[in-house]
Amino acid sequence: MNQESENKKKVVVSGIRSTGNLHLGNYFGALNKFVKLQDEYDCRYFIADLHALTTNPDPTQLHASVKDILAEYVAAGLDPEKNIIYVQSDIPEISELYLLMNMHVGIGELMRTASFKDKARKALGITSDSEEIEKEIIGNQTNNQRVNAGLLTYPTLMAVDILIHHADFVPVGKDQEQHLELTRRFARRFNSFYKTDYFGEPVNFNFGTAGALKVPGLDGSGKMGKSEGNCIYLIDDEKTLRKKVMRAVTDEGPKEPNQTPTQPVENLFTLMELVSEPEVVKHYRDSYADCSIRYGDMKKQLAEDMLKVTLPIRQRILDIKDNDEYLSKMVKNGAERAREHASKTLREVREIMGIRKI
Ligand code: TYM
């Protein structure tokens, strides 16, 4: 693609944290969308290793995880020829813009962010509301390291990832929508402070569906997530995947015709809608409605259909993941191309903010 045609296309930016292997939530909420967008848009996808640092990972694991996810990106169908694929920390302009942008971000709005409150609660081992979190963070000396400043300013860094590319679209799952909303707010604030229209307001990309996706876990409760221990990973082998699905939480079965499914069962239907043919989903929905459903059969079918999605990807991951030369060439090239865009934005922002050569 030459520079001119690249410029005309709308810009798509998104990333995934390097905190472990990718699961079906990451796949359907994000990665699968990245792949679908790559032919039509100017796409820039990265590994958010600086964001991963906010939860203080082991350095060896962090590095391994960056490589794993790169391999998973390519194995899922992302083409380094069509997209800019890079590692966030390879772009120093991001860190500088993060510092500059923080001058226009309020501590209060960061402390009110749902993901910060969740992580702070977990780190502090409390279940209480905002006020108590605040008291606990400010008042208790022993909490200095547990809730770090990087965690608080996580949304600033994410906004910078997006704004440094002047992104139009940011394909993410439902859990990231609040961060996207903050990105738009920071962009507006910057524009209004400096009386400019420099930053646009990026939006999610949902392919015309009602809203962003939240892929549920197998434990009957909330979303599929690495820290919830309820995931199907793209790298899971056949036996592991089947075992996990057969153990998924259900209930004692419908008690009367046309009853609304309980949450754990509805979750299985949601997963099925992602991987199975519509007539298969209909068959099980109908058999739930007339109380003839057998969860064992439904789970077997679900595992089968999940494997159709994951096994070819798993095979490609195994083929690519130890090819260091290929991966390192890919991100070196990606970083060079990403830095061209990033350094232009940083130069312009410095100028707007009054950081000029004497
Ligand atoms: P992360 O690494 O937690 O997740 C990566 C992507 O996967 C989506 N996702 C899900 N979608 C639906 N259902 C689920 N159960 C599920 N679990 C995860 C997430 O919504 C996300 O799209 N802050 C981001 C990484 C990031 C970023 C960015 C994203 C950093 N900078 C700039 C976009 C643009 C994160 O932690 O995602």
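Colleague: Hi! How far is a polar side-chain atom of Arg17 from an oxygen atom of the ligand?

Modeller: In this predicted model, that distance is 2.7 Å.

Colleague: Nice. And what about Asn26, how far is its polar side-chain atom from an oxygen atom of the ligand?

Modeller: For Asn26 the distance is 3.1 Å. There is also Gln176, where an N or O atom of the side chain sits 2.9 Å from a nitrogen atom of the ligand.

Colleague: So how much of the ligand does the protein bury?

Modeller: The protein buries 98% of the 710 Å² that the ligand exposes when taken alone.

Colleague: Which elements give two or more residues to the shell around it?

Modeller: Those are strand 1 (11-17), helix 2 (24-37), strand 2 (42-48) and helix 10 (154-163).

Colleague: How many residues surround the ligand, and which are the closest?

Modeller: There are 26, and the closest are Arg17, Tyr154, Asp161, Asp175 and Val215. Sorted by class, the shell has 12 nonpolar, nine polar and five charged residues.

Colleague: Switching topic to helix packing: at what angle do helix 2 and helix 15 pack?

Modeller: About 85 degrees, with the axes 12 Å apart; helix 15 covers residues 295-320. Angles of 65 to 115 degrees count as roughly perpendicular, so helix 2 and helix 15 fall into that group.

Colleague: Which residues meet there?

Modeller: From helix 2, Leu24, Tyr27 and Phe28; from helix 15, Met306, Val309, Thr310 and Ile313.

Colleague: And how does that contact divide into nonpolar, polar and charged?

Modeller: Between helix 2 and helix 15 you get six nonpolar residues, one polar and no charged.

Note on methods: Residues are numbered from 1 along each chain as its sequence is written. This is a predicted model: local features need pLDDT of at least 70, side-chain atom pairs count only at pLDDT 80 or more; totals for chains, interfaces and linings use all residues. Side-chain values use heavy atoms; hydrogens and water are left out. A residue is near a molecule or strand if one of its heavy atoms lies within 4 Å of it. A polar contact is a pair of N or O atoms within 3.5 Å; within protein, one must be able to donate a hydrogen and the other to accept it, and residues adjacent in sequence count only if both atoms are side-chain atoms. Accessible areas come from the Shrake-Rupley method with a 1.4 Å probe; for residues, only the protein chains shown count as cover. Helices (H or I, at least four residues) and strands (E, at least two) are DSSP runs, numbered from the N terminus. Ala, Val, Leu, Ile, Met, Phe, Trp, Tyr, Cys and Pro count as nonpolar, Asp, Glu, Lys and Arg as charged, and the others, Gly among them, as polar. Axes are lines fitted to C-alpha atoms, for helices over the stretch in contact, and angles run from 0 to 180 degrees between N-to-C directions. Angles under 35 degrees count as roughly parallel, over 145 as roughly antiparallel, 65 to 115 as roughly perpendicular and the rest as oblique. Contact means heavy atoms within 4.5 Å.
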